Amino acid sequence: MTKALNHVMDALDVETFLICDTEDEARSLALELMKEMGFNDIDVVNLDFLGVGARVRARAYIHRSGDEYGWLKMDKEVKLDD
Amino acid sequence: MGLLYNVIGIAGTAKNTGKTTTTNYLLDMFKKKGFSTGLTSIGYDGERLDNVTGLPKPRIPVSVNTTVAVARRCLPVSTARIQVIKETPISTPLGNIIIGRVEKEGLVVIAGPNKSSDLRIIINELKTLDLDIILVDGALNRLAPMVETEGFILATGAARSPDITRLAYETHSIAYLFGLPQLKERLSTEITVQNGFRKKHRMGFASLFTNRQLFELLEHLTSETKRLEIPGVVQEKLWKQLGEHIISNELNFDICVADPIKLALAGGVGNIHRLFERLENYGVKLLVAQKLPLVAVTVNPFFPKYRFEAQDYEPAYVDAVKLVETVDKVISVPAIDIKRNGDILFKALFTGQT
Amino acid sequence: MTEIKKVLLAPLDPVHDIGLKMIRRGLEEAGHKTYLLPPDLPVEEIIQEIIDKEAGTVLISRTLGYGVAELLSRFVDLVDASGLRDKVTLGIGGMAVRPELAAELGFDAGFGPGTTVEQAVAFVEGREISKEDTGVKKDKQDITSSYSYKFINKSMGNKLEQVAGQIRKWAKDKTSPGVKRAVAREELWDVGRWRNRKGNDEFDKEYPHLCGEQPKNYYLKGELHPKTRRFTREEVIALEEFLQETKERIMLSKVQHVKSRPVIFNQYGTGCPFMDIGHIKASEAWGADGVVHFDPSWGARTEGFFDGFLTHQEDGTVITPANLNRIHGALEPSTLWQVRAHRGLNTPETVILAGKLGADMTKINMCYGSLGAGTDPERLTVDGYHAIRYAIQYGMSFDVVTNEELAGVPAHKAFAGMLIVSTLGVMLGGKPILQPLFAYSPEAMVGEQMEGNYVDFNAAKIYALKNIIDAPIWPGAPIGFLTQTEDRVQSAMSTGLHACLASSLGVDAISIASSDEAYSGGPISVPSKTDTLKAVQEGFRFFGSTGISPSGKAEQWGERLVSEIDKVIDDVLQTGDFVQALYDGNLGTREEGAYPGRAGRDTVEHTVT
């Protein structure tokens, strides 16, 4: 996990508009997009497909409840190292 | 082999001209020599990304045997462990300045005093600690507080101008101004005209920023004038008018300014330089009350290229070898690309070698 | 009296900056002399102005951009080289200005976006710029204090008192495992001794035997609930550090604009008290006035509490003394804290724990708890009665929620139940808060009261309640229930509009959802909370003291609601026994989605006297 991601309190949302033919395609594309970005704990929060394309909000949970939170373990080393 | 200067400033002509690289190089060399080093800054340095351009910046590694004078809020964001040995009442936007010893090496962010008078206090504090050398890191193109150092290294490069010829001429002009001869007298606190022996007129102001002030001054300049003392700053266009007045009225006297920094701040150093050379040809003598030796010039081929479409900056470089050679030719102190031949800089700090 | 300062305001941009003009007004109101320079003067002229005006402070405003840093630092250098730097304090303001940048440029202070006039005045006056100067000062509000709890509808009040009297008489000499644990917690558990880790020996000995299987195993065998784990020491230390730093930096904001009500509540209950604290601090910063603790649903069906500092991997944060204590310690002093007790087998003990650990409010309703949340009516009536008494003892107000509406119970039946419990509360000396739902409820979906708009039927509910009793009203929970989708703009908008309706109707508090309200695929995220707080804030800014006008239908439906509530209370009176009325469906039938719960069935005992 990169250091900046450590600072995400819980979830990271990606919002965009996807050009696609169907709602199902939009959903797969959105999940694909998140995987391409290197996320695993992913979901599509919201998807509106109206023919033109899909307005989509995909989510990756960086820290779920009960995990160890990157933002709590920020020693000074972590803060400044690359 | 002794050090020529005990308090050295590192000033830049712009952002990204390599101040921090120069500072880091010196810190490293002093560490290898086993010197005890004091470090402060007139700005803010050592953060990951540049505050303005958003591009990554070198950070400052410090070792034990280093004493820093930094704002309190620099401590939690530094990885070096710093033991505070003294609190000072000098305030900055990032808290008061503390003096601290590096106990465990690491990276520091340094924000120091932001004005000359405060820098003087901090340097004096550091001097009581019996350090071998004190370094004052610059900020942006800021120069004014460097007046408190004993000598300074100028960092310039493509970030100031990617036009190498122009950059070389500007550096030449800066070297000229900082090489002006010294008048070993204290200046008055106001602009003062000395007409004949013991006849002094004090103008009531220290700097020239308006035409009105200039005209008032011109009225007092006569063929009897022996010396003009200027403790403050004169705006570039007013220097020009003053110079034209001297030449066209065939006046001939000494002009004495407080220090070369006040000349460098007037505006375009190239224009000031050209004007002064002209005045010297007419017999006018230009002097400074306080000298600030230019020790060396470091040149950096890097520059942040502004991308207008994206409205951000990308890293770019000019020809490094050509840059060093061109600048070196026009100045009497060494021009150095710190990444190639930093040792030249180091030698320049010691007696008997340049 | 502060010394009068001469302040030079210099916009280095091509146009005057509005911020600088506002600061100028603030400075003049504080009695200082200001000089606003024309925009975009050369720096040399500004320096001459400093000399001419003998200014003690210069405030520069400038948008950052290419070459601007060099320009600004040259200005500072010129001030220094002209010998003025020791006489004048320099401030820089503008977009993207941060203290680090101010330090780099050589200024004495930097003001970024969000700087208040008060902060600028404090800087000019040489005062420490403190949180107090950010303009937002928050005090804890008691939303019950201005109410008399007198019945406006006297005849209904009379009937309600009869029902409440019957409950009181019935419940007084009854007890349950829940009540016994409450008594033990009340009498044997000293919060001071617990905090000092001195232990409460007698309590520790007795309590496990009053618990159900899982908590008992925890105390006797050290087994944790399968979905929980303990925090490590390192995590606790890191949390403390995080919290301390956050508390130092936190800048509170206000959601309200010109009116002080409604007070805004946010719910939290991520499962993890650390994450909760993160959410709470964000909610506070974005303007929430109060927070509500949500525990996991199994908590309501488990007899007894666990102990220890525990995190839970699913929704709802486990109630333990350590969890509640940590969360309480994280709150800003102005934040109202509600720990809900209303629905399960730990109702009275929750109230005591909440009270001992500093909660301001709790939530109690036997009708919802037994008809909509699975607890046996008889058991919860006994437990609820004692819970109300404890709430009074600990000085906590409590809301009476009507979430059974979400299951399909019509508003008038849910309201009748709420009014009965509230009357009992008032009778015992308590301060109940009415909590009608602002929701697109099944009743409204079927009955089409919300076909045309979401305004009239919600307004009718408030009109009805205001015509019955003079008591505080706190629509929840959360407002806009079942109107929201996963689209965060839609969701935040809907919350914002419902909040504006609530404000317009003059209610005292609202609970607002996050924009993740309708998303069920994962935990609620913290940005979704700032979304709705922003939306509500913007709504309040938009409407100010003006309001929304419901149509004539609202009053009509309001009147009808009152008469329907009246009928329900008649039915309950006729049944003659509140608990029986719950079983019989007087307050919601099975067809309407109200199923009397079974948890804790046959556990009520008569007190041995």
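This is a predicted model: local features need pLDDT of at least 70, side-chain atom pairs count only at pLDDT 80 or more; totals for chains, interfaces and linings use all residues.
User: Which residue is the bridge partner of Leu12(A) in β3(A)?
Analyst: Ala60(A) is the bridge partner of Leu12(A) in β3(A). Strands here are DSSP E runs of at least two residues, helices are H or I runs of at least four, and both are numbered from the N terminus.

User: How many bridges between β1(A) and β3(A)?
Analyst: Eight, in the antiparallel sense; β3 of chain A covers residues 54-61. Two strands pair if DSSP finds at least two bridges between them.

User: And what is the strand order of the sheet?
Analyst: β1-β3-β2 in chain A, an open, antiparallel sheet of three strands. Neighbouring strands are turned by 15° against each other on average, direction ignored.

User: Switching to chain B. At what angle do α3(B) and α8(B) pack?
Analyst: About 35°, with axes 9 Å apart. α3 spans residues 164-178 and α8 spans 320-330. Axes are lines fitted to C-alpha atoms, for helices over the stretch in contact, and angles run from 0 to 180 degrees between N-to-C directions.

User: Which residues make the contact?
Analyst: From α3(B), they include Ile164(B), Leu167(B) and His172(B). From α8(B), they include Lys322(B), Leu323(B) and Val330(B). Contact means C-beta atoms, placed from the backbone, within 7 Å.

User: What classes are they?
Analyst: Six nonpolar, four polar and one charged. Ala, Val, Leu, Ile, Met, Phe, Trp, Tyr, Cys and Pro count as nonpolar, Asp, Glu, Lys and Arg as charged, and the others, Gly among them, as polar.

User: How many residues does the contact take from chain B and from chain C?
Analyst: 35 from chain B and 31 from chain C. On the chain B side, α2 (116-127) and α6 (260-264) give two or more residues each. That side has 19 nonpolar, 11 polar and five charged residues.

User: What percentage of chain C is buried?
Analyst: 56% of its 609 residues. Buried means 20 or more other C-beta atoms within 10 Å of a residue's own, with C-beta atoms placed from the backbone. In chain B, buried residues make up 50% of 354.

Definitions and conventions:
Residues are numbered from 1 along each chain as its sequence is written. Chains are lettered from A and ligands numbered from 1 in the order in which they are written. Two residues are in contact if their C-beta atoms, placed from the backbone, lie within 7 Å. A residue is buried if 20 or more other C-beta atoms lie within 10 Å of its own, exposed if 12 or fewer, and partly exposed in between; C-beta atoms are placed from the backbone.
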